[in-house]
Amino acid sequence: MKVGITLNINGDMYEALVGANQTLLEVLRDKFGLMGTKRGCDLGACGACTVLVDGEAHLSCIMLAVDAVDREIVTIEGLGTRTGLHPLQKAFVEKGALQCGFCTPGMIMTAKSALDEDPHPTEEAIKKKMAGNLCRCTGYTKIVEAVMSVAENEEGGV
Amino acid sequence: MRLPKFEYFEPATVDEASSILLDRPGAKILAGGTDLLVNMKHRVETPAVLVNIKKIPNLSYVRSENGGLAIGALTRLKKVFGHPDVADRAGALAGAASSVGSYHHQTMGTLGGNVLQQTRCKFFNQSKWWRSSRPLCYKAGGEMCYVVNKKETCFSSYCGDVAPALLVLDASATLSGANGTRSVKLSELYSGEGRKPLQIKLEETLTEITIPAESLRGISVYRKVANRESIDFPIVGAAVWASFDKKEYRVAYTAVDRKPVRALKAEELLNGEDLNDALLDEAAALAAKEATPVKSSLYAPSYKRKMMGTLLKTSLRELMGRAGQ
């Protein structure tokens, strides 16, 4: 049976008819066309589907869409603007922290969640929090450098 | 990967959840979903009904009660280890909660869900396609346990990080059902049977975990050996609690048996003694025999036994160092 839900995504309200068994990831991509959030392992192990729910990193592939009602969801489309990149996006580009780019949206969302929680973390803390985001290209060094460069420059929230 | 179809409920109270669970056999409780939804995607669990208890208010808290701690079952792991009382006074619990899965799992997963997670096995936690190469194992609905090649038994391992920490902290669990609430020792939650690892009544919901004041007077630590330290299930996990004034020690393990286990013989050996290297060696050898690890994961039982001893020694040495012993 389908149910009508309204989701608050990137500050906009989206309506859809969904099955209770549909994940937030399926609804974001297939119903709303928000393709920035990636489907990797689809089992909550790789972090590619990370979105912010009420400001915290959640795996959208193992979260029901009906469970996201009344919560604030931010996807990679909600960061930056068409004319100006978000500081994290800029840092990823400048530091060469991406190659194929598939893991990047998840990486950036996790990094944002981590920096919002602790704007001046140690490198170890960043590594620990980002360990659940897998990347098969970069070897992680540049990703950690990119996140740390934002952490060091940042004054206030990201 | 699609989730199988199910009927979905969002009860507003624990009583409402109980009545749904009673009315619809085969219903399962959904909390953080980091264990259940993955199993459902693999089709090893296909409940006809999901009861999402996250909309029930007032089940997420950490508070001091009678000198001890009371923690709501829906408290997310991140909130558990981030709470100053847990971090300062219940080291093993903070350490265990912060070593569960990745940061995302700690954000989504709840304390209750972690404690009541499914047992795991290399023949069970696989995709439907992987499992189609042979008849289903006993836990997944077939006849044979492929770990021990016996019929109608299941040797899947309990791999939760938090349970051994709660065992050494002598925690109790509060279960709410149709006939009111009852409090049981944490160890009583586990049956030791792989196919049905929990001893909870159909209609019961775990609502609270309590840690007595006496346990908070000791110091404790949780250590685990895992393939990738930061994100994996433990190959072996050990929680150790010590009160050097009283010369009392408690040791518990995860991922070495069908339930989390206390190493009671090793504790008996250590209790009342001042610790030294020879005694630690003896306790480590004894502890390694207090569980029956089988080849339910990729790691050999002999390796697990060795690690049980090693973790006991390193954990106790760390606690001795902290206590200035």
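Domain bounds, as used here, come from an automatic or database domain assignment. On that basis chain B of this predicted model is divided into domain 1, residues 1-57, and domain 2, which comprises residues 62-116 together with 158-323.

**Overall form of chain B**

- The radius of gyration of chain B is 19 Å, close to the 20 Å that the globule rule gives for 325 residues, so the chain is as compact as a globular protein of that length.
- Taken along the principal axes, the box filled by the C-alpha atoms of chain B is roughly 55 × 45 × 35 Å.
- Of the 325 residues in chain B, 53% are buried.
- When contacts in chain B between residues at least 6 apart in sequence are considered, 64% of them join residues at least 24 apart.

**Contact between the domains of chain B**

- The C-alpha centres of domain 1 and domain 2 of chain B are 26 Å apart, and the contact takes 14 residues from domain 1 and 16 residues from domain 2.
- On the side of domain 1 of chain B that touches domain 2, helix H1 (residues 14-23) of chain B provides the largest share, with five residues.
- By class, that side of domain 1 of chain B consists of eight nonpolar, four polar and two charged residues.

**An open antiparallel sheet in chain B**

- Four strands of chain B form an open sheet in the order E11-E12-E13-E14, with antiparallel pairing; its edge strands, each of which pairs on one side only, are E11 (219-225) and E14 (261-262) of chain B.
- Strand E13 (residues 248-254) of chain B is joined to E14(B) by two bridges, the two strands running antiparallel, and Ala252(B) stands opposite Arg262(B) in E14(B).
- Helix H13 (residues 301-323) of chain B packs on this sheet, where it touches E11, E12 (236-243) and E13 of chain B, and the direction of H13 makes about 35 degrees with that of E12(B).

**The side of chain B that touches chain A**

- In the contact between the two chains, 22 residues of chain B meet 21 residues of chain A.
- The elements that give two or more residues to the chain B side are helix H2 (36-41) and helix H6 (103-108) of chain B, and the largest share, four residues, comes from H6(B).
- The residues on this side of chain B divide into 10 nonpolar, eight polar and four charged.

Methods:
Residues numbered from 1 in each chain as written. Chains lettered and ligands numbered in written order. Predicted model: local features only at pLDDT ≥ 70, side-chain atom pairs only at ≥ 80, totals over all residues. Contact = placed C-beta atoms within 7 Å. Nonpolar A, V, L, I, M, F, W, Y, C, P; charged D, E, K, R; others polar. Rg over C-alpha atoms; globule rule 2.2 N^0.38 Å. Buried ≥ 20, exposed ≤ 12 C-beta atoms within 10 Å, placed from the backbone. Pairing = 2+ DSSP bridges. Axes fitted to C-alpha atoms, helices over the stretch in contact; angles between N-to-C directions.
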